[in-house]
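The structure is shown first.

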Amino acid sequence: MLAVFVAGVCAGTINTVVGSGTLITFPVLLATGLPPVTATVSNALGMIAGSISGAIGYRAELSGQSRRILKLSVGAMLGGLAGATLLLTLPATAFETIVPALVGLALVLVAFQPLISRYVRSRRESRGNPGSRDGGPLLYIGLTLASVYGGYFAAAQGIIYVSLMGMLLDETLQRLNAIKTVLVAVVNAVAVLFFLFVADFDWTAVILIALGSALGGQIGARVGRRFSPAVLRTLIVAIGTVTVARLLLWP
């Protein structure tokens with residue numbers, strides 16, 4: 001119980017600052033003996049509290065973005081529902097096969113995020129394109145597809161959001177991070193509403209992660225900007241690597 005609570009605090013903090021907190025909570029839940037699908041749905045419900053807490057902490061950066069957030073949230077809801085449906089309709093063997101690949105992709109995105117961001121920024125500057133105010137159809141479609149992934153398995157979902165918005169919106173990273181926090185909360189909430197009727201939760205895990213992630217969301221919003229991104233990225237990659245090994249090698 002202590003390990004799950006601490007994982008929730010760490011995940012809530014990292015989700016608010018960087019993203020990919022699920023790469024911490026998911027392996028801890030697996031280590032307690034929960035099946036992968038039960039761990040996923042329990043984590044999704046528990047992490048809503050952390051996303052809401054982080055969004056409250058970022059309320060200053062959210063100012064003036066209500067119309068943009070409402071528009072993008074529609075796509076996030078549709079994508080999250082589609083991803084949740086895939087999670088429960090595909091056979092368990094498919095989940096066990098797909099998730100290691102998804103986590104591996106998430107780790108690549110985390111590890112190379114600075115390089116990707118610099119490349120995109122230099123390309124945009126070389127073309128003299130400051131970015132669109134709303135991102136246009138390309139951003140809407142991209143975030144909707146990312147939300148399908150988020151509804152299925154949320155690891156690095158926030159990083160995908162920030163990468164897409166960074167390419168197509170002319171905003172500071174902190175304001176993009178604030179939008180990301182809201183969209184993650186929307187996807188998790190929609191997926192959980194679906195899961196409540198058709199999936200089994202471990203309610204002890206849900207409560208522990210909710211309490212921990214709510215605390216972590218406040219920590220991330222208040223002091224997370226002082227943390228070294230390199231340290232956080234290294235931690236995420238290390239824990240994610242253990243997750244992949246756990247899924248591929250252990251019964």
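## Surface and burial

In this predicted model, the protein exposes about 11500 Å², and carbon and sulfur atoms supply 70% of that area. Of its 251 residues, 52% count as buried.

## Fold

The protein has 12 helices and zero strands. Its pattern along the sequence is accordingly written α-α-α-α-α-α-α-α-α-α-α-α.

Contacts between residues at least 6 apart in sequence were also sorted by separation. Of these, 83% join residues at least 24 apart.

## Helix α8

Helix α8 covers residues 136-152, and its end C-alpha atoms are 25 Å apart.

The buried residues of α8 are L139, G142, L143, T144, A146, S147, Y149, G150, G151 and Y152. An α-helix has 3.6 residues a turn, so residues three or four places apart point the same way.

The structure holds one cavity of 30 Å³ or more. The largest cavity contains about 250 Å³ of space. Its lining is made up of 29 residues, and T22, A154, Q157, V184 and N188 lie nearest the centre.

Two or more lining residues come from each of α1 (2-17), α2 (22-31), α3 (36-57), α8, α9 (157-168) and α10 (173-198). Helix α3 gives the most, with seven residues. By class, the lining of the largest cavity has 17 polar, 11 nonpolar and one charged residues.

Definitions and conventions. Residues numbered from 1 in each chain as written. Predicted model: local features only at pLDDT ≥ 70, side-chain atom pairs only at ≥ 80, totals over all residues. Heavy atoms only, no water. Helix = DSSP H or I, 4+ residues; strand = E, 2+ residues; numbered from the N terminus. Expected span 1.5 Å × (residues − 1). Buried < 20%, exposed > 50% of the residue type's maximum accessible area, 1.4 Å probe, protein only. 1 Å grid on protein atoms, 1.4 Å probe; cavity = no way out; pocket = protein on both sides within 12 Å on 5 of 7 lines; lining within 4 Å. Points joined across faces, edges and corners; volume = space filled by probe spheres on them. Nonpolar A, V, L, I, M, F, W, Y, C, P; charged D, E, K, R; others polar. Contact = heavy atoms within 4.5 Å. Areas by Shrake-Rupley, 256 points an atom, 1.4 Å probe, with all protein chains shown as cover.
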